[in-house]
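Here are my notes for someone opening this structure for the first time. Have the viewer ready and follow along point by point.

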Amino acid sequence: MSLSAYVPIVWLLALAAAFGLFSVGIAPFVGPRRFNRAKLEAYECGIEPTPQPIGGGRFPVKFYLTAMLFIIFDIEIIFLYPWAVSFDMLGVFGFFEMVIFIITVAIAYAYVWRRGGLEWD
Amino acid sequence: MDKLKLPDMDYVALLPMLALFVAACLGVIIEALVPRRFRNIIQLVLSIVALAVAMFFVVKQSGEVVASKALTAGGAIMIDHAALFLQGALIVLGFVALLLFGERSLEFGGPFVAQAAVTVGSERDREQTGRELGSTETFPLALFSLSGMLLFVSANDLLTMFVALEVFSLPLYLLCALARRKRLLSQESALKYFLLGAYASAFFLFGVAMVYGFAKAVDFKAIHAEALLGEGNSLLLIIGLALLAIGLLFKVAAAPFHVWTPDVYQGAPTPVTAFMASCTKVAAFGGLLRVLYVGFDGLGWQFTPVLGAIAALTVLVGSILAVTQTDLKRLLAYSSVANAGYILIGVIAGQQLGLTSVLFYLVAYGFTVIAAFALISLVRDADGEATHLSRWAGLGARSPLYAGIFTFILLAFAGIPLTSGFIAKLSVFGAAIDGGQTWLVIIGVITSIILAFPYLRVVVMMWLSEPGESTPSVSIPGGLTSTALGIGTLATLVFGVVPGPLLDLAEKASSFVR
Amino acid sequence: MLSNLWLLFAIPAASATILLLSGKRALKWGPWLGVIAPAISFVLGLIMFFQLRDLNPRVTEQNLWSFIPVGDLQVSFGLMFDPLTAVFVLLITGVGSLIHLYAVGYMAHDERRVTFFGYFNLFITAMLLLVLGNNYVMLYLGWEGVGLASYLLISFWYTRPSAATAGKKAFIMNRVGDAGFILAIFLMFAYLNTVNYGQVFERVGSLSANTMLILGLLLLLGACGKSGQFPLQAWLPDAMEGPTPVSALIHAATMVTAGVYVIARSNPVFSANTTLQLIVVSVGTITLLLGCIIGCAKDDIKRVLAWSTVSQIGYMFLGVGLGGGAYALAIIHLLAHGFFKANMFLGAGSVMHGMKDQVDIRRFGALSKYMKITWLTFMMGWLAIIGIPPLSGYFTKEPIIAAAFERGDWTSWLFGWAALLGALLTAFYMTRLFVLTFHGPKRWTEGQHPHESPPVMWIPLVFLAIGSVVAGYLMHTSVVDWLNPVFAGVENVPEYEPVMPHWLISVLGVAFAVLGAGLAWAIFGRGTALEPEPAGVVVTAARNNLYTDAFNEVVFEKPGRWLTRALVYVDNKGVDGVVNGLAALVGGGSGRMRRLQTGFVRSYALSMLLGGVLVLGALLAVRLG
């Protein structure tokens, strides 16, 4: 395999970098400078920034749990899409493989549910 | 678009792994549905049944290996003699280690914490230390890990190998954090293991990518063929091999990738340490053997000197650092590092003789190390296990039986005749001399002598010191720990006195199918 | 049955394990278990014996498992059953069972009798291993096993200092012989690349004469140690400190004949070198005379028997040293000796049992009236050992004497007459023993009430007495023929005519025996003094074991001590200095390296990264360089 296929990507990279550098470089010279309180605050998805949590940045472990659950189902969906697309070709074998996969995920789900992982308090 | 070609699956060949996996899933369901007080016994029985089934199929297949049919699961898994031997060894050692997992008579609730997420030192934590039954998720976790190990030693391509590596590593990280006592140490060890493990996995994966860049394939046969052909960018191959080796050498705890070992062995719950020291070592060496012997066979003259240097460094570091250790678990951790070095010497020896000696060493060492940790779990005081060396002074007077067994085990580690340790070292060194690696044998013997010092110091402390105020008592072990201890000790003795059958078995198993 | 040879030693081994583990719990049934185990082995041995008879060729081998597989050294846990092994198995288990049975009575009041039977069965196990092995390492395994059992049993009453010392003495003197034996095994492996009997004998012809001589001498040293032959004979009489059944089984009937077994088994080695044979013959002759002379001067009933054992084994060594047809003669003398010597030892035990453990023959006398059975059985043993026809000794000792006259040169006269002289002396001291014990006036100490022993003790005596009477006649042709295949390789030695006619040797032998016996009867028939009297140089020397112990002390013990002191000095100053220095170096290095183990993941990761870079660099260097 020759590396020439990557040449356009390298170009794109160079262009992007150049654009970024150019934008940052030109802004101080051409932009207006008017400050207010809101402008000095950290950017947080357009909502009010939360204060620093008590105890030096600790989050309850529940956040991680929720995130993990999200990732598990996320991955399940990533598997399901290509399988659905080529379902005809995979036939019965593919069907049962996917059933088994879903069962294993369901087992984990049952575990989390029964052990109270889905309750916030 | 063409019809997809379905992979050929030999389900019987996969049954050992499937049995463990299914049992682990059942274990998770049990965790969800069964009341807490019944879980331990159910999980234990389930695990043992699963291991028995897996062992049955391993034994059954071992008589029916045909080179042309060994490859299965779409070329991802190779069930050859070596794989079956390693799988059998893993199952047996896993069984003995799992007995330690289930022990509940040494302290209330077993060796594991009830709720690992509870903040250490809080009111809730103090409450659960003394009064709550330990978590039994450890059983499915260990089974998941074991099934990953089984896959790891039979993986036929680098990607399957990587997946297996993760499957068996992730549960281990978790298990490390579950100690009932000294929880901070336990959590610290888990985090360290996880971070460094992830780091090593990254090396491994990068290596896979490099090798793919060279060979346009990830299965060992193709890599071997491509390497023999000698076309393509061999720089990629060398870099790939080096990175793969780093990932694997991390798992076997070879210097300088051993740094996690003492901290993790010390912090992890003792049953988990026993499990890691025996099973992980078998799995990691199994994988290393397959990569080197099957995939990169043709590069022997290039990696042998480097691997030799690593082996020499490993035995030196392990033995010299063991000298000044004051904690028994750390001492055994360094001893395990040194033993990894000895096994590496066997790996480097090459040929069938080297392979045989490595397989024998892995099994022999596995049994002995489980017995050692089982015994450590017995010597306790009010705060749990008393692992500091000074606390063991005069133990011989308090409980001569257990001090005697521990002495025997230490002698086995030191390689004294009539123990399996002697035969194992002898066969490894013999193979190395045969393979022209005499310099490694010289270093091996010297470090064995150095290692004898810390071992014998423990023996001297136990027998020749007067028991002090602080000498803890030895708990009377329950049936499970006694069984594990008995099996480990007996195996150490039997393989030392009658090594023939196991050596024969290892010799028969010492052939990979490419 | 022949495919299960292991059962022979596995049964006593199992019994020994059970007995040693159960201790006091087995006080009631333990001794009987100890008797049954060798008895079962005996029955099995008989069955195997008859099966072996139908085999052609009469030998069977089996390798149980690979025992020491290291490189070129492949030693298997292999067993062999051939005619020679078969007769030994029957002797060991047959006589062994009888002595076990006797011991049930003899040890009935000992608190540690279960342990005793455990050790006894252990001995049987080891002895069977010794004769069943098919290679020298197996032989050595059994060899050390019997040595251990012997040590444990000699010092069985370890609270008595004399018993403890005797045990140590036996063990240490045996070590001297063992060292020779193991060196012989090393030599075999180094020069012949095998330790298997068959292969060793096949390849032994390729050795140079000197190597062969050294090999033979080393084996002989081992044999001398175990069999109490000159110059390693001193331990055997002291070994009588053990219980009497031990003396009968181990130090008369079986273990001490292991040396004869080794030489007979290694006959291709010994037959191949005439110098070697001459040395073996000389050792045998010196020992047999030494034993006789000392035996004449001793007053302890068991020591007299012990020296007579030394002397009789001397005859056997003479036999195996003569080579050719005399190998088989030595073996049948060994078997017959097993019967009559065990018989007499147990008889002596029975006498001691009735006489409150008195052992001084000056303090016996007139016991024939009180212990009829012991007297009669002992008489059979006495007549057998001095060689009165038609008892055993006549049929087995006479041929050896005759063979000694057949060496074909002037040495015939030397060894032949020495053997005859031995016969005369044997008759003298054995008669002395017999007369002083059972006849003549009572010379008892106060408060003796001699009585016959219980049936459990005299029944074995009767069996052994029957053996003493008939064994020689039964074996003198049949067993010789039976053993022929084992010694088949030595048939091509030249046959010499005896320097005297055969009938004359026989007549002389019997005449000497009668003469010696008559002489002794005349001197001691009317009793003897109660204490040893001052005597001439020869008798004093004999009482002091011909000063062999003193010789050992001056020549070996003293220089040994000086050497030890010198070595300790060198060790303390030189070796320890080096060792301590190295230890300090390692310790220091360890302390320094420990600091690298900081406990921080970041530094661990860094060291891994550095290691990775090094590995990569090294691989590239190898690749490019």
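1. Ground rules. This is a predicted model, so local features need pLDDT of at least 70 and side-chain atom pairs count only at pLDDT 80 or more, while totals for chains, interfaces and linings use all residues. Residues are numbered from 1 along each chain as its sequence is written, and chains are lettered from A and ligands numbered from 1 in the order in which they are written.

2. Overall confidence. The model scores ipTM 0.86 and pTM 0.66. Per residue, the number to look at is pLDDT, the predictor's confidence on a scale from 0 to 100. Chain C has a mean pLDDT of 85, with 98% of its residues at 70 or more. For chain A the average is 82, and 82% of the residues score at least 70.

3. Elements here are DSSP runs numbered from the N terminus: helices are H or I with at least four residues, strands are E with at least two. In chain A, helix α3 (residues 54–57) has the lowest confidence, at a mean of 61, and helix α1 (residues 7–30) has the highest, at 92. Among the elements of chain C, helix α21 (residues 537–543) has the lowest mean pLDDT, 75, whereas helix α4 (residues 113–132) has the highest, 91.

4. Chain A. There are five helices and zero strands in this chain, and along the sequence the pattern reads α-α-α-α-α.

5. Chain B. Here you'll find 20 helices and five strands. Buried residues make up 61% of the 514 residues in chain B. Next, contacts: two residues are in contact if their C-beta atoms, placed from the backbone, lie within 7 Å. Among the contacts in chain B with a separation of 6 or more, 80% join residues 24 or more positions apart.

6. Chain B with chain A. Ten residues from chain B and twelve residues from chain A make this contact. The chain B side has eight nonpolar, no polar and two charged residues. For these classes, Ala, Val, Leu, Ile, Met, Phe, Trp, Tyr, Cys and Pro count as nonpolar, Asp, Glu, Lys and Arg as charged, and the others, Gly among them, as polar.

7. Chain C with chain B. Contact is made between 30 residues of chain C and 34 residues of chain B. On the chain C side, the elements giving two or more residues are β1 (60–70), α22 (548–594) and α23 (601–624). Which of them gives the most? That's α23(C), with 15 residues. By class, the chain C side has 17 nonpolar, eleven polar and two charged residues.

8. A helix pair in chain B. Helix α16 (residues 400–414) and helix α18 (residues 438–464) of chain B pack at an angle of about 170 degrees, with their axes 9 Å apart. Axes are lines fitted to C-alpha atoms, for helices over the stretch in contact, and angles run from 0 to 180 degrees between N-to-C directions. That makes α16(B) roughly antiparallel to α18(B); angles under 35 degrees count as roughly parallel, over 145 as roughly antiparallel, 65 to 115 as roughly perpendicular and the rest as oblique. Residues making the contact include B:Phe406 and B:Leu410 of α16(B) and B:Tyr455 and B:Trp463 of α18(B). The contact residues divide into twelve nonpolar, one polar and no charged.

9. B:Ala227 lies in helix α8 (residues 220–229) of chain B and is buried, with 21 other C-beta atoms within 10 Å. B:Phe214 is 13 residues from B:Ala227 in sequence, and their C-alpha atoms are 8.7 Å apart. Over in chain C, C:Ile40 sits in helix α2 (residues 30–53). C:Ile40 counts as partly exposed because it has 17 C-beta neighbours inside 10 Å. Its C-alpha atom is separated by 9.1 Å from that of C:Ser97, 57 residues apart along the chain.

Note on methods. A residue is buried if 20 or more other C-beta atoms lie within 10 Å of its own, exposed if 12 or fewer, and partly exposed in between; C-beta atoms are placed from the backbone.
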